[in-house]
Amino acid sequence: MSRPTKANIVINMEDVDKDDEMGIDATEAKTSRKKRSVVWKEFEIITNNGDMKARSTLVGKDKGPKQSLLSFDVTEGDEMLSIFKYDKGKVREELVKMFDVHEYPFRMVEHEFFTKFCRSLNPKYEPIKRQTLKLDCMKMYISEKESLKLALASINKISLISDLWTSNQSIGYMCLTGHFLDSEWKLQKRILNFCPLEPPHTGHAIADSISECLIDWGIEDKISTITLDNASSNDLAVRVLKENFEAKEKLHFGGKIFHVRCCAHILNLMVQDGLTMSAMILPCLESP
C-alpha cells in the first residue's frame with residue numbers, strides 16, 4: 001500500500017467513517033468503530049471547527065531513502081557494488097585531467113558528438129565552453145602546485161636537471177626537473193618549470209631563470225647538485241649559481257659535486273666523434 005503524499009495529507013473523518021452497509025449512525029461510528037488498517041499508524045486525529053480529520057504524521061519527517069542508481073567499482077581487481085551519485089565537480093575534474101594528459105585541444109569540449117557521447121554515458125552531463133575548461137585547468141595547476149610546495153617543504157636536499165632546446169617555431173625553451181627522496185625513501189621527480197627562454201641563451205640568462213624558479217618554489221637553499229650538458233653557456237650558469245649559493249653558505253658538500261655533467265650528452269659527443277672518424281677512414285679502406 002502506497003504512503004500518502006503531501007498533496008493528500010488531510011482526510012475528512014466523515015468520509016472515512018461512513019458505513020451505509022451496516023446501517024450504523026455516523027455519530028456512533030465516529031466513537032465506536034475501530035481503525036484496523038495499518039495506515040492509521042501514520043495518521044493522527046485532529047479537530048478543526050468541530051470536524052474530526054486525520055493528518056499525516058510524515059509531514060516534515062524523513063520518509064526513508066530515495067531510489068538510487070547502483071554501479072560497480074573496481075578496486076585492486078575486486079568488484080564492489082556501490083550507490084552511484086552524479087557529481088558535477090568530479091566530472092569537471094576528470095575532464096581536465098583527460099585534456100591535460102592526452103593534450104587534446106580545448107575546442108574539442110564544444111564538439112557536438114563529444115557532448116552526445118558524454119550524455120550517452122550520463123544524461124545529466126552539462127556541456128561547458130573551452131574558456132571554462134581553460135580556467136579549470138589553471139585552477140588544477142595552482143592546486144597541484146600548492147600541494148607540491150607542501151611536499152617540498154619537508155625535503156632536505158633536491159637535485160636538479162635542466163635542458164634547453166629550440167622548437168620548430170624558433171622559440172627557446174628551458175625545462176627544470178627536481179629529483180628527491182620522499183619520506184619513504186622512494187625516488188621522486190617533478191617538473192618544476194617549463195618556460196620559454198628569450199635569446200640570447202647566455203650563462204647569466206640561464207642562471208637567472210633557474211634562480212627565479214627556485215625562489216618561486218621556496219627551495220633555493222636545498223639544492224645539492226645540478227645536471228647540465230657540456231655547453232659553454234651552461235658552464236657559466238653553473239659558476240654563477242655556485243657563487244650565489246656560496247655567498248649564502250648554502251652550498252652542500254662543499255660544492256665538490258655541485259655540477260654533474262650529463263653522461264648521455266658526453267656519450268653522444270663520443271659517438272659523433274667516432275662516426276666522423278669512420279667517415280674519413282672508410283673511403284681509404286674501400287680504395288684498391
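**View 1. Lys145 is buried and reaches across the chain.** With a relative accessible area of 15%, Lys145 counts as buried, because the cut-off for that word is under 20%. This is a predicted model. The side chain of Lys145 meets that of Asp216 in a salt bridge, 2.7 Å from N to O. The pair links distant parts of the chain. Lys145 sits in helix 5 (residues 130-153), while Asp216 sits in helix 6, and 71 residues separate them. Asp216 is partly exposed, with a relative accessible area of 37%. Side chains of opposite charge can pair when their charged atoms come close.

**View 2. Glu93 and Lys97 pair within helix 3.** A salt bridge joins Glu93 to Lys97, with the closest N and O atoms 3.4 Å apart. The two residues are four apart in helix 3 (residues 88-102), so about one helical turn separates them. Glu93 is partly exposed, at 30% relative accessibility. Lys97 is also partly exposed, at 34%.

**View 3. Lys116 and Glu112 pair within helix 4.** Here the closest N and O atoms of the salt bridge between Lys116 and Glu112 are 3.2 Å apart. Both residues lie in helix 4 (residues 112-121). They are four residues apart, which means a separation of about one helical turn. Glu112 counts as exposed, at 52% relative accessibility. Lys116 is partly exposed, with a relative accessible area of 44%. How many salt bridges does a search of the whole structure find? The count is eleven.

View 4. The next two views show one pairing of each kind.

**View 5. Strand 9 and strand 10 run parallel.** Three bridges join strand 9 (residues 223-228) to strand 10. Look for Leu228: its bridge partner in strand 10 is Arg261.

**View 6. Strand 7 and strand 8 pair in the antiparallel sense.** Nine bridges hold this pairing. Phe180 stands opposite Gln188 in strand 8. The two strands form a hairpin, with five residues between them. Trp185 lies in that loop between strand 7 and strand 8. Trp185 has a positive phi of about 60°, although it is not a glycine. Most residues other than glycine have a negative phi. Is Trp185 buried or exposed? At 71% relative accessibility, Trp185 counts as exposed, because the cut-off for exposed is over 50%.

View 7. Asp216, the partner of Lys145 in the salt bridge of the opening view, lies in helix 6.

**View 8. Pro199 and Pro200 are joined by a cis peptide bond.** Omega is about 0° at this bond. Where does Pro200 lie? It lies in the loop between strand 8 and helix 6. Most peptide bonds are trans.

**View 9. Glu249 takes a positive phi.** Phi is about 55° at Glu249, although this residue is not a glycine. Glu249 lies in the loop between helix 7 (232-247) and strand 10. At 71% relative accessibility, Glu249 counts as exposed.

**View 10. A nonpolar patch sits on the surface.** Five side chains are the ones to find here: Ile266, Leu267, Met270, Val271 and Leu275. Together they have about 460 Å² of accessible area. Val271 lies in helix 8 (residues 263-286). How exposed is Val271, and what is its relative accessibility? Val271 counts as partly exposed, at 41%.

How values were computed
Residues numbered from 1 in each chain as written. Predicted model: local features only at pLDDT ≥ 70, side-chain atom pairs only at ≥ 80, totals over all residues. Heavy atoms only, no water. Pairing = 2+ DSSP bridges. Patch = residues over 30% accessible without salt bridge, like charges linked within 9 Å, V, L, I, M, F, W, Y side chains within 5 Å. Areas by Shrake-Rupley, 256 points an atom, 1.4 Å probe, with all protein chains shown as cover. Salt bridge = Lys/Arg side-chain N within 4 Å of Asp/Glu carboxyl O. Buried < 20%, exposed > 50% of the residue type's maximum accessible area, 1.4 Å probe, protein only.
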